Amino acid sequence: MNEKTSSLTIEEKETFMLHAIKEAKKAEAIKEVPIGAIVVLDGEIIGRGHNLREASQDATAHAEMYAIKEACAAIDNWRLERAQLFVTLEPCPMCSGAMILSRVNEVYYGAKDPKGGTAGTLMNLLEDQRFNHVAYVEAGVLEQECGDLLSNFFRKLREEKKLLKNRQKD
């Protein structure tokens, strides 16, 4: 069992998640899946990222990966031992692995990912004691807002595909 606890108030968590949501909206604006992430150290945002898989045609172009890279560059260190990472969707195996390797201290996410989440849904890599680093994980920070972003995006996508299909029939 993980003995770590959150170092933040509810208000701080929600404020930082709103910044991750802003990143997600940047992705949505360019027709990427709206996922955003930030890294916080000592109350300051030191890394930001949003999904860019379609734009870059790179399977590793996830929001968390960009936020972690930017944070490491900001402090000139690969270790994010005192940092918190906020992401709008539960991390995948790759991103959870990057959080473990970069030693992120706390991870907060909004919506659960029933198809790929590895911070509690399918498995919990971040709190697995078999790794040399364990993070504190908290799900559900502004869960409704984060989930709605994704639901609305995919609903619009389905509607656009349906319209396109109907136009092709005409």
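I began with R130, which at 75% relative accessibility counts as exposed (over 50% is exposed, under 20% buried and in between partly exposed, with a 1.4 Å probe and protein chains only). The model is a predicted one, in which local features need pLDDT of at least 70 and side-chain atom pairs count only at pLDDT 80 or more, while totals for chains, interfaces and linings use all residues. Residues are numbered from 1 along each chain as its sequence is written, and side-chain values use heavy atoms, with hydrogens and water left out.

**Entry on salt bridges.** I looked up the partner of R130 and found that its side chain meets that of D128 in a salt bridge (2.6 Å, N to O), the term standing for a side-chain nitrogen of Lys or Arg within 4 Å of a carboxyl oxygen of Asp or Glu. D128 is buried, at 14% relative accessibility.

E138 and K13 are joined through their side chains, at 2.9 Å from N to O. E138 belongs to strand 5 (residues 136-139) and K13 to helix 1 (residues 10-29), so this pair ties together parts that are 125 residues apart in sequence. I took helices (H or I, at least four residues) and strands (E, at least two) as DSSP runs, numbered from the N terminus. Both partners are covered, E138 being buried at 19% relative accessibility and K13 buried with a relative accessible area of 9%.

Within helix 1, E23 and K26 are three residues apart, which separates them by about one helical turn, and their closest N and O atoms are 2.9 Å apart in a salt bridge. E23 is buried at 3% relative accessibility, whereas K26, at 43%, is partly exposed.

**Entry on strand 1.** I then checked strand 1 (residues 36-41), where six of six residues are buried.

**Entry on the record.** UniProt, in an unreviewed entry, places "domain: CMP/dCMP-type deaminase" at residues 11-157. Over that span I noted 41% helix and 20% strand, with the end C-alpha atoms 33 Å apart.

Conventions. UniProt positions renumbered as here; feature names shortened; annotations may be inferred.
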